[in-house]
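Welcome to a short tour of a protein model. Take a moment to look at the sequence and the 3D view, and then follow along heading by heading.

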Amino acid sequence: MTTLTHARAGLPQALAHEWIKFRSVRSLVWTTVTAAVVPVLGAVFVAATGSLQPDDTVFGAGLTLSVPAQMLVAVVGALVITGEYGSGTMRTTFGATPRRATVLAAKAVLLAGVTYVSALVSCSVAYLVGDALLDHGKYAQGEPLPALIGVAASFTLAALLGLAVGTLVRHSAAAVTAVLGVFLLPSLLGPLFGDAQRWVAGTSPTATLQKLTQTSDATAETVGSLGPWPSLLLVASYTAALLLLAALTLRRRDA
């Protein structure tokens with residue numbers, strides 16, 4: 001009973017530590033803020049320049065720059081753990097919380113909470129800005145709900161994917177490169193696979209986000225033929241698998 005109680009008490013304590021560390025690292029805070037601001041600036045830019053296709057929706061236009069923002073939160077996810085390896089503070093973290101899986105779980109919970117809330121608010125504001133500035137008679141409205149919930153979830157999965165890759169790689173530059181490769185390579189390499197291009201390209205987190213934002217660029221040839229919600233489930237599945245692998249690897253190797 002004592003051991004069980006200690007295990008349950010470990011996560012809240014580790015989560016409190018992770019929150020203190022997160023808000024004390026300026027690069028993490030400012031990258032998170034930038035990721036929240038980018039979609040809103042994108043909505044203003046698109047509305048001001050009218051740089052969208054006739055078949056775009058107001059919702060899709062408002063979230064034009066959601067993909068770069070999603071990549072930024074993935075970078076944050078990687079840096080949350082690689083920064084500690086780089087600075088040498090990971091040993092201190094494991095000294096305070098010996099159960100390494102608890103440390104990873106605390107980082108994942110913190111990232112999920114911060115990313116989901118910030119993405120939901122940011123993308124909702126971006127949509128409202130686009131809705132206020134764009135000509136409703138010229139563009140279809142789109143369906144912001146429940147799509148915004150899925151968009152925020154896709155941002156969250158991107159951050160968790162970054163965390164998993166960062167845990168496995170441990171080096172900041174290599175982790176960021178690997179994470180961005182997961183986002184970009186499926187689309188870049190898709191044409192090499194002929195008829196399978198739509199399946200290869202559709203595995204990218206960015207493809208899922210494009211489907212959810214209902215952009216006219218989300219054709220079956222470029223983002224796959226799966227619907228937005230099945231695509232989100234696919235990304236969630238391999239992100240969970242990578243996190244499990246990261247947790248097992250974290251337990252077995254030296255800090």
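This is a predicted model: local features need pLDDT of at least 70, side-chain atom pairs count only at pLDDT 80 or more; totals for chains, interfaces and linings use all residues.

## A question to start

Not counting residues up to four places away in sequence, which residues does Ala119 touch? They are Ser124, Ala152 and Phe155, where contact means heavy atoms within 4.5 Å. Ala119 has its place in helix H6; helices (H or I, at least four residues) are DSSP runs, numbered from the N terminus.

Ala119 has a relative accessible area of 4%, so this residue is buried. Buried means under 20% relative accessible area, exposed over 50%, and partly exposed in between, with a 1.4 Å probe and protein chains only. Tyr139 is 20 residues from Ala119 along the chain, and their C-alpha atoms are separated by 24 Å.

Residues are numbered from 1 along each chain as its sequence is written, and side-chain values use heavy atoms, with hydrogens and water left out.

The score called pLDDT is the predictor's confidence in each residue, from 0 to 100. Its average over the protein chain is 87, and 91% of the residues score at least 70. Among the elements, helix H7 (residues 144-169) has the highest mean pLDDT, 96, while helix H11 (residues 220-223) has the lowest, 70. Look also at residues 1-9: pLDDT stays under 50 there, and the model has two contacts beyond four places in sequence for this stretch.

H7 has 26 residues, and from its first C-alpha to its last it reaches 37 Å. That is close to the 38 Å expected at 1.5 Å a residue; the expected span is 1.5 Å times one less than the number of residues. Pro146 has its place in H7, and a cis peptide bond with omega of about 10° joins Leu145 to Pro146.

What follows H7 at its other end? Arg170 does, with a positive phi near 75°, and this is a residue other than glycine. Arg170 is found in the loop between H7 and helix H8 (172-189). Its relative accessible area is 29%, so Arg170 counts as partly exposed.

H7 is mostly covered, with 20 of its 26 residues buried. Ser154 lies in this helix and counts as buried because its relative accessibility is 3%. Leaving aside neighbours within four places in sequence, Ser154 is in contact with Gln70, Leu209, Leu212 and Leu232.

Ala159 also lies in H7. Is Ala159 buried or exposed? Its relative accessible area is 0%, so Ala159 is buried. Not counting residues up to four places away in sequence, Ala159 touches Val73, Ala74, Gly77, Leu111 and Thr115. Ala178 is 19 residues from Ala159 in sequence and 13 Å away in space, C-alpha to C-alpha.

## How the helices pack

Now follow the helices as they meet. Axes here are lines fitted to C-alpha atoms, for helices over the stretch in contact, and angles run from 0 to 180 degrees between N-to-C directions. The axes of H4 and H7 come within 7 Å and cross at roughly 35°. Residues of H4 that take part include Gln70, Val73 and Gly77, and those of H7 include Ser154, Ala158 and Ala159.

Helix H4 (residues 66-87) also packs with helix H6 (residues 100-133), at an angle of about 150° and with the axes 11 Å apart. That makes H4 roughly antiparallel to H6, because angles over 145 degrees count as roughly antiparallel, under 35 as roughly parallel, 65 to 115 as roughly perpendicular and the rest as oblique. In this contact Val73, Val76, Gly77, Val80, Ile81 and Glu84 of H4 meet Lys107, Leu111 and Thr115 of H6.

Helix H2 (residues 26-49) packs with H6 at an angle of about 15°, and their axes are 8 Å apart. H2 is therefore roughly parallel to H6. Among the residues that meet are Ala35, Pro39 and Val40 in H2 and Ser122, Val125 and Val129 in H6.

Key. Helices (H or I, at least four residues) and strands (E, at least two) are DSSP runs, numbered from the N terminus.
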